Amino acid sequence: MANLWDQIKDRLSTSLSSEAYQNWIARSELETVRDDRLIVRVPDETTRQWITQEYSTHIRTVLEELQAPVRQVEFSLGSVNMLARQDPIGNSTASGQSSH
């Protein structure tokens, strides 16, 4: 069974435009579910702000549809494994530190 965030992403992929989903949601992954908090890792502050501003209502609706026992969704900054694996040069950002 897919983790809770993957289930949410799956539902969002059908309700958002393909472009919006790929630009903002696809680049995120579950960090952990702790107590009644879902913590999702995103690659940067811009993504965190945009998801919070534009998609919080969508996410809350999906949580209710799934009857998930989550009261709060938090977004943390860090390396998203999917992105690190796709790096064609082999530069991994797994340490969570930015080279900027």
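In the predicted model, F75 is buried, its relative accessible area being 10%. The geometry of W5 and F75 is edge-to-face, with 6.3 Å centre to centre and 75 degrees between the planes. W5 is likewise buried, at 0% relative accessibility; both values fall under the 20% limit for burial.

A search of the whole structure returns 2 aromatic pairs. Besides the pair of W5 and F75, W24 and W50 are in contact, with ring centres 5.3 Å apart. This pair is classed as stacked because its planes meet at 25 degrees, under the cut-off of 30 degrees. W24 is located in helix 2 (residues 18–25) and W50 in helix 3 (residues 45–65); the pair therefore ties together parts that are 26 residues apart in sequence. The two partners fall into separate accessibility classes: W24 counts as buried at 18% relative accessibility, whereas W50, at 32%, counts as partly exposed.

D35 occupies the loop between strand 1 (29–34) and strand 2 (37–42). With a relative accessible area of 72%, D35 is exposed, since the value is over the 50% limit for that class. The C-alpha atom of D35 is separated by 9.7 Å from that of Q72, a residue 37 positions away along the chain.

Conventions
Residues are numbered from 1 along each chain as its sequence is written. This is a predicted model: local features need pLDDT of at least 70, side-chain atom pairs count only at pLDDT 80 or more; totals for chains, interfaces and linings use all residues. Side-chain values use heavy atoms; hydrogens and water are left out. Helices (H or I, at least four residues) and strands (E, at least two) are DSSP runs, numbered from the N terminus. Buried means under 20% relative accessible area, exposed over 50%, partly exposed in between (1.4 Å probe, protein chains only). Rings of Phe, Tyr and Trp (its six-membered ring) pair if their centres lie within 6.5 Å; planes under 30 degrees apart count as stacked, over 60 as edge-to-face and the rest as tilted.
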